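Please brief me on this model.

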Amino acid sequence: MMMRQERSFVEIDLKAFEENISFLKGFLSENQSFLQVVKADAYGHGGQEIAKAAEQMGAVYLGVANLEEGKVLRLQKIKSPILILSPSLSSEIEEIVRYELSPAISDLGFAKALNDFLIQKKQSIKVHIKVDSGMHRSGVRIEEALAFIEELKTFSQIEIEGIFSHFSSAESDSKESHRQEKAFEELIGSLKTKPKFIHLSNSSAISKGYAPFCNLVRFGILSFGVDTTGEFSDKLKPVMTFKSTLSQIKEIKKGEYVGYNQSYKAAQDGLYGIIPVGYADGYDFMLSNRGFVEYKGQLSKVIGKVSMDMITMEIDPALSPCTDDIVILLGGAKPETRAENLAALYNGSAYELLCQVGRRARRFYLYEDKLLHSAPLARRDFVAEDFGDSKLSRVIGDALAQRLKSEEIGSLIYREVLRTFFINKDRDIHYRKDFKHHIELSGDKEAKYFIAETVLTYRKVLDSDYFIVACAASDEILRAYFLKPDVEYRWLLDKKLDISSENFELKSVKINDIQLNTELVLGEGFLEIRCSHQELENLKGTEAEFEIITKTLYPKDTHQLSVFISEITRGVQISLKYPAYLNPVEPVSIFSGQQKNPQIQRLKDVIRLSTKSDEWVFPLSGVVFTY
Ligand SMILES: *Cc1c(COP(=O)(O)O)cnc(C)c1O
């Protein structure tokens, strides 16, 4: 299996996450919903994946630490409301608004800057007020909160959607927690208008039943199956398992030392193993001579000091050890390797251990032992707008220049171009799939024009309840049609022909077998056919099957016919059927994509060019048939 080739890897069990969430939801009353905290890449579990899983489990909000985390989630197409829990900076306002994030507000200067920006933009924003009920970290001091709220209400573009506070020691100090709970409840009681969301509890507070007057709770560490309360270890399953591979097995003699500074001395002759993971991988240095790993279902001690890139473990020779065996460093079935118990060995924080562990490791996402996908941890999605245009063009230019020499560079640009398409401002870009364009030329050998019948079929997410099929009389008008997003098909009519519905006929136009209604507009140099149907409104946002059939005339004396790909398309087939007397017909293809050369098939009187069905083809691709 692929995982075995990794030096170390992290498995994320999304089923366990679901079960933990279900367990936590058991503590909620009917009018309470939950916000899933996904800060720090969801405590190292992967922000996007956990956000999606939480959405499916009913999360109404997501919580991140800062703008950057929220932005990455938006670029990864996460649509839920996102609350930035920590204070934001004025310099972040523009992007907070652009990415539709909700900031926590605890500073009037920031609120004013935000409001001024929004007035300029004629936009508004939802915010949550952060109140300091006794933790004395961020937030408005609770005794100043009422005045703060009155002031905040005067800002025209700011909608107070929520108010929240945070416990300092919900998992351990019930006296202090009750004091905070009471103070916050009093504040809420004195509000004339209550915001939509009122929240105080983190996950351990929920499990202890604090703050029933709130209608939103914030799930964090317990949802990842790390039991900081000491009460639910049998109910919560660790979502993360960090594993590595035994890379060397060695003998040690009684009295010899292992590792830096001779901190471990062998009491007798024996075996020990090297695991290629160290504190640079997030395996805490404090676990030197303290930690445990699970090997072949048994616990083994970490011996000697944790190095930057290696740790050493004792090995029971009776286990017939082998290099390449898997070792579990965190998570798994044994209590000793649970994050909360490992962290307790050095009086450390389980939160910190989760966030830091597996820094170099690929994450594998599993659901009931089924591998969903994997992703490197140190990822930062390519964001086109992080690069200036000139830099981006230089990168693409250089890469293209090298492409002829290196396949690898070719695939790199291919990937980067794809991402540029998908992760740009136009987040909802829709592409065409299974694109088939068939053209059939027929007619008398003596005639000046072919009869050209074209059948175009493809699938695409419908984003509008109408589209246009256009016929242009000049290159200039045709080019303008390429830029109009509502034009699905365009044709250039020979200049000598009159633009009319006889010379360019839309024979049939269907979406999912629904015959669309058509409306013709004949103008100076163009014919536009507006295709629509009342049913399309219901199909919006779904993937639909398009079929467009036209009949027109095509001049013989041009001796060539071009077909262009005008949108990003996945899976292309272009074919031309021609009268036998035309032979030979030659296709010249220009395909920008991973493969420059589509597959060419010649049947009797038909030439067909195709790419694999999962291969992307970029605009400015096409084929010219010469005859
Ligand atoms: C991190 C965080 C949480 C989650 O806390 P857990 O103890 O992990 O449940 C909740 N609220 C705020 C404001 C946080 O910053």
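The briefing below goes by topic.

This is a predicted model, so local features need pLDDT of at least 70, side-chain atom pairs count only at pLDDT 80 or more, and totals for chains, interfaces and linings use all residues. Residues are numbered from 1 along each chain as its sequence is written, and side-chain values use heavy atoms, with hydrogens and water left out. An open sheet of ten strands has mixed pairing. Helix α4 is largely enclosed by the rest of the structure. Two cavities of 30 Å³ or more are counted.

**The ten-strand sheet**

- The strand order is β12-β15-β18-β17-β16-β19-β11-β1-β20-β21.
- β12 (248-252) and β21 (370-376) stand at the edges with a single partner strand each, so one side of each has no neighbour in the sheet.
- From one strand to the next, the twist averages 35°.
- Helices (H or I, at least four residues) and strands (E, at least two) are DSSP runs, numbered from the N terminus; two strands pair if DSSP finds at least two bridges between them.
- β12 pairs with β15 (residues 270-275) in the antiparallel sense, over five bridges. Glu251 has Leu271 of β15 as its bridge partner.
- β15 also runs antiparallel to β18 (residues 311-315), joined by five bridges. Here Leu271 has Ile315 of β18 as its bridge partner.
- β1 (residues 8-13) and β20 (residues 362-367) pair in the parallel sense over five bridges. Phe9 is partnered by Arg362 in β20.
- Helix α1 (residues 14-25) lies across β1, β20 and β21. Its angle to β20 is about 65°. Axes are lines fitted to C-alpha atoms, for helices over the stretch in contact (heavy atoms within 4.5 Å). Angles run from 0 to 180 degrees between N-to-C directions.

**Covered elements**

- Seven of the nine residues of α4 (residues 67-75) are buried. Buried means under 20% relative accessible area, exposed over 50%, and partly exposed in between (1.4 Å probe, protein chains only).
- The buried residues of α4 are Leu67, Gly70, Lys71, Val72, Leu73, Arg74 and Leu75. They pack against α3 (47-56), β3 (61-64), β4 (82-87) and α5 (93-98).
- β8 (residues 158-164) is mostly covered, with six of its seven residues buried.
- β6 (residues 125-132) runs parallel to β8, and six bridges join them. Lys130 stands opposite Phe164 in β8.
- β8 also pairs with β9 (residues 197-199) in the parallel sense, over three bridges. Gly162 stands opposite Phe197 in β9.

**Cavities**

- A cavity is a set of points, on a 1 Å grid over the protein atoms alone, where a 1.4 Å probe fits but cannot get out; lining residues have an atom within 4 Å of a point. Grid points are joined across faces, edges and corners, and a volume is the space filled by probe spheres set on the points.
- The largest cavity holds about 40 Å³. Its lining includes Lys130, Asp132, Arg137 and His166.
- That lining has two nonpolar, four polar and three charged residues. Ala, Val, Leu, Ile, Met, Phe, Trp, Tyr, Cys and Pro count as nonpolar, Asp, Glu, Lys and Arg as charged, and the others, Gly among them, as polar.
- The second largest cavity has a volume of about 30 Å³. Phe224, Met240, Arg338 and Leu354 are among its lining residues. The lining divides into eight nonpolar, two polar and one charged.

Key
On a 1 Å grid over the protein atoms alone, a cavity is a set of points where a 1.4 Å probe fits but cannot get out, and a pocket is an open set with protein on both sides within 12 Å along at least five of seven lines; lining residues have an atom within 4 Å of a point.
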